[in-house]
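Q: I'd like to learn how to read the features of a two-chain model. Could we go through one together?

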Amino acid sequence: MGKYKTPMLDELEKGPWPSFVTEIRKAMNTSAMPEMAEDELGQLEKSYVTKKGYWKHGGIVGVLGYGSGVIGRYSSLPEEFPGIAHFHTYRINQPSGFFYTSAALKEICDIWDKYGSSLTNMHGSTGDLVLLGTTTANLEPLFAEYSSRGWDLGGSGSAMRTPSCCVGMARCEWANIDAMGICNHMTQHFQDELHRPAFPYKFKIKVSGCACDCVAAIARADLSIIGTWKGDIRIDQAEVKKYADGGMDIQSEIVGMCPTECMTLDGTTLSINNEQCSRCMHCISKMTMALRPGEEKGATILVGSKAPIVVGSLISWVLVPFIKCDDEDFALLTELTENIIEWWDDNAKPRERLGELIEVKGMRPLLEAIGVDPQPQQVREPRKDPFFFWSESDFDK
Amino acid sequence: MSLPERQTDVGPPHFEKFLPPVIKENYGKWKSHEVLTPGTMVHTAESGDQIHTVRIASPRILATETIREMCDLAEKYCGGFIRFTTRNNVEFLVSDKAQMDPLVAELKEKGYMVGGIGPGISNVIHTQGWVHCHGACTDASGIVKAMMDEFHEYFTTKTLPNKVRLAVACCVNMCGAVHVSDIAVVAVHRKVPAIDDENVGKMCEIPTVIGSCPTSAIRPNPKDKTVTINEEKCMYCGNCFTVCPPINIHNPEHDGVAIVVGGKIGSLRTSPKFSKLAIPFLHNEPPRWPKVVDAIKNILDVYAANARKHERVGEWIERIGWEDFFKLTGIEFTFQHIDDFTFMRDTLRTSAAFKY
Amino acid sequence: MEEKEIQDEIFAYLEKMKGKKKLKEKDIYKKMMADHAELDKNTVKTALRAMINVGKVMYSYGGGASSVEIPSEEYLKEKGLI
């Protein structure tokens, strides 16, 4: 079947795990341009033989008025594979939490079959619903069809990137903050910054409801918003007993693995010295029926994480240990976010991420710009060498 | 044929439109959850209401036909309510408990893999690869498929001491959280890029190219309106290629993948950790990368046999020490393992206490 | 300054820098505000955005970063603007 012999890729249609090759083949059944998926397979088979990719650097494509959301992609072998001479990516901004109804998804699919390859990524790494493979001529029709139905483009280039979050309060008892609500609010609040790339470089926001961090906010967002609490972990001792009766070795699995050694077990009664608890989520995540986070909810704000390019990967650093997120329109959090972005936008060189800028300037200018005091929660340990800056304002204290 | 009128800056639809009624009613009021099987779980609200979730694997690249098939199943069993997870699994949100088992049965009958919850291997975070990226020096989807054909039982039935997060990145830009995964594959280059001098002058801003290099290996060559690269300094990151396509980093014969281990994201027990180098290089061997799969299987087996319950890969390695990790896995320790990039000071041993 | 005058100057600046330096939005704000003390960022931004909305200038992407450029004839044809 098909125009090309693909013995290498055929190999990847065998085996139990769902096959992406099968998906590319299936796209030929529904797309108005079946030659796209077909030539994609042909070119991919060639890559498997030569161990080399055949895509050009992104080109300049987009929808009128925006600078984001569409990534130009052209085959470097357009004569051999004309179906993918243009094979652009169209990023649809996903609903927070990746919830859909079948009706909404089917409508998205219908439009995509008409104007694109029928291939998708559910979802891209940043979080967008990614449509893989369309032509330059189809971009404006796609935008008209999708935007008129309420589906806007996501971010790309030197812009705010599509914010993303965990499932949050929709289906998780550990959500200390309304992760989906915050994500949706931030997305709407920064529409201009998302669609019109005017920043020094990309800026990513991710929101997780607790320290389990299911959206990996701490590792891949310039601004990581992670839910936490103050006060006592709520214990249901009857459920603790059920775990013990069910065979859980609470002493070694829970008490013994607590990083702050703040738990004790007396028979089947569990006690927690909450003053000493660092809210890491180990015990809560293992005793889902017995333990729940405390009731004063908020978020820890961390900044700076990114992948290795340019001078090494970073995990986000604590900036604000605790901020309440239950006010109208998340006003406190939104203002803080705006202030952080403003400091970065004013100071960063082109292609400099927030974490890299902090490495150059230090934490102090950022803390001063956003009006946050130095606190021990921001560091793992204080500096070791006796070299430090003093400014006039320090002498007045 | 006329098109509907475009709108700008409307953002995505509000998620509320897509929530099942039981979720809307209990939003923020969930009390507990229980994992029933590796592919099903039930969440209970303070009100006593419950929602059952059925999770299946996805290759992330989905044809619309497959999405429609999933939607049909969602309509048949759970009112059309469907979502995706942050690791690209698909979840059916079942409000009527009686529909869960028939849904699972039909999913299995249709060949879907039900699983991905709990201490095993969930879906693999990965990048575009040769399928769709200009910078790829391996095919992420192909490696994932080959890996998961081998490890799929950890998705559907078998368990490990804790969850093991796998990831594949097709270059060091790492779209996805590869740098903080339990075991990850990252494609790397090993040769200094080839410079097309004529086109560098035409297409690139020389100061930007020089500034893109993390090791200051790039010098201007004003005479020929191009740049030169100091071979002794270049660490083959490819950032110059990103800003200037005529500096070609690709070299199929010498490109391949490295394997990194021990990263984690959650703050549970220990702080989030970066993944660290286990194997500096394996050749690209499409279509099934057998040496990569074997290498990961070896690490996974040694972890499963030696880690304590609830220990993640990185926690286990920190407890036994990296010297023991190399001994137990039989992985050769090389010059490439000793950091000489930005974080060197933090990684060299500063103690006379260690194991042989 | 009238919006039209601002836009003409922005266009002239982009034309002058074409092929020399990729300009970001901020470079344009800075240049306009340096040349005309009475201008603020929002006024320049509004004028520039109006140009972008009708395809007089456009966002571009290259070298790993976004910039503002004068569109090619090909782009204008594609968008049905010429």
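Q: How much area do chain A and chain B bury between them?

A: Keep in mind that this is a predicted model. Buried area is what two parts lose in accessible area on being put together, summed over both. Here chain A and chain B bury about 10500 Å² between them, with 61% of it on carbon and sulfur atoms. On the chain A side, A:W17, A:H57 and A:R171 supply 10% of the area buried against chain B, more than any other three residues.

Q: How many residues does the contact take from each chain?

A: Chain A gives 125 residues to the contact and chain B gives 112 residues.

Q: How many salt bridges and polar contacts does the rule find across the interface?

A: For salt bridges, look for a side-chain nitrogen of Lys or Arg within 4 Å of a carboxyl oxygen of Asp or Glu. The rule finds 10 salt bridges across the interface of chain A and chain B. As a worked case, B:K309 pairs with A:E253 in a salt bridge whose closest N and O atoms are 3.2 Å apart. Helix α4 (residues 102-115) of chain A provides the largest share of the side of chain A that touches chain B, 11 residues.

Q: Which residues make the nonpolar surface patch, and why can B:L348 belong to a patch?

A: The patch, about 530 Å², is made by B:F333, B:F335, B:I338, B:M344 and B:L348. Patch residues need over 30% relative accessible area; B:L348 can belong because its value is 39%, which makes this residue partly exposed. Along chain B, look for B:L348 in the segment after α12 (344-347).

Definitions and conventions
Residues numbered from 1 in each chain as written. Chains lettered and ligands numbered in written order. Predicted model: local features only at pLDDT ≥ 70, side-chain atom pairs only at ≥ 80, totals over all residues. Heavy atoms only, no water. Patch = residues over 30% accessible without salt bridge, like charges linked within 9 Å, V, L, I, M, F, W, Y side chains within 5 Å. Areas by Shrake-Rupley, 256 points an atom, 1.4 Å probe, with all protein chains shown as cover. Helix = DSSP H or I, 4+ residues; strand = E, 2+ residues; numbered from the N terminus. Buried < 20%, exposed > 50% of the residue type's maximum accessible area, 1.4 Å probe, protein only. Contact = heavy atoms within 4.5 Å. Buried area = accessible area lost by both parts, 1.4 Å probe.
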